[in-house]
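Good morning, everyone, and thank you for making time for this.

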Amino acid sequence: MKKDWDTVEILRHTRHDWLNKIQLIKGNLSLNKIDRVKEIINEIVDETRQETKLSNLNIPQFAALLLTYNWESHSIHLEFEIIEDIHGSTSSYINDELLANWTIGFLEELDKSIKAFHENHLSVTIERQPSGIGFFFDFRGIITDIEQVQQFLQQQSSIENKVHELSEQELSLEVFLPYQ
């Protein structure tokens, strides 16, 4: 279930994330690891660019879900990447509510179907295409209930998905939403 964040909670989490990054930089500076500091700063810049691209896709509910997912206690660590788009305009519209609700359901089912306290990682790659947006979900970890995940994906008629791989250690699927 998606949590509704109030402004103070958002600011608290954002401040906490930034303080962690600053502490990481300070710690490496005190150890005179200048190259590592440069890497950390580049990682922060790249992450911020990706957050900006996500925010500019005109899918605010889905963007908020991805941006805040790791703030809650889950057995999955989520990251995302927006591939440079060469197609479409930022004014193109897809059904944000449908996408966000499907993704919430998918994440809940996946979270229930994996080995807790294991290194479970989900990467979401987003690519704007001429007629819509493609979403590629790539999970690496331990899936303990493949049938539950399979059943969820087969029962979802609201969004068409194409499973490329589903095994005990991997799930790779593609979702495409056309512009409306």
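This is a predicted model: local features need pLDDT of at least 70, side-chain atom pairs count only at pLDDT 80 or more; totals for chains, interfaces and linings use all residues.

**Domains and salt bridges**

The partner of E170 is R140, and the two form a salt bridge in which the closest N and O atoms are 3.2 Å apart. Because E170 belongs to strand β5, residues 170-178, while R140 belongs to strand β3, residues 132-140, this pair ties together parts that are 30 residues apart in sequence. R140 is partly exposed as well, with a relative accessibility of 37%.

Let me now step back to the chain as a whole, where the domain assignment gives domain 1, covering 1-56, and domain 2, covering 58-178. On the contact between them, domain 1 contributes 14 residues and domain 2 contributes 19 residues. If we take the centres of the two domains over their C-alpha atoms, they are separated by 23 Å.

How much area is buried between domain 1 and domain 2? The size of an interface is often given as the accessible area lost when the parts come together. Here the buried area is about 1400 Å², and carbon and sulfur atoms give 63% of it. Between the two domains the count of salt bridges is 0, whereas 3 residue pairs are in polar contact across them.

On the side of domain 1 that touches domain 2, helices α1 (7-30) and α2 (34-55) each supply at least two residues, and the largest share, 5 residues, comes from α2. Sorted by class, that side of domain 1 has 4 nonpolar, 5 polar and 5 charged residues.

Which other residue meets the side chain of R36 in a salt bridge? That residue is E43, at 3.4 Å from N to O, and E43 counts as partly exposed at 44% relative accessibility. Through shared partners, then, salt bridges join R36, E39 and E43 into one network.

How values were computed. Residues are numbered from 1 along each chain as its sequence is written. Side-chain values use heavy atoms; hydrogens and water are left out. Domain bounds come from an automatic or database domain assignment. Contact means heavy atoms within 4.5 Å. Buried area is the accessible area (1.4 Å probe) that two parts lose on being put together, summed over both. A salt bridge is a side-chain nitrogen of Lys or Arg within 4 Å of a carboxyl oxygen of Asp or Glu. A polar contact is a pair of N or O atoms within 3.5 Å; within protein, one must be able to donate a hydrogen and the other to accept it, and residues adjacent in sequence count only if both atoms are side-chain atoms. Helices (H or I, at least four residues) and strands (E, at least two) are DSSP runs, numbered from the N terminus. Ala, Val, Leu, Ile, Met, Phe, Trp, Tyr, Cys and Pro count as nonpolar, Asp, Glu, Lys and Arg as charged, and the others, Gly among them, as polar. Buried means under 20% relative accessible area, exposed over 50%, partly exposed in between (1.4 Å probe, protein chains only).
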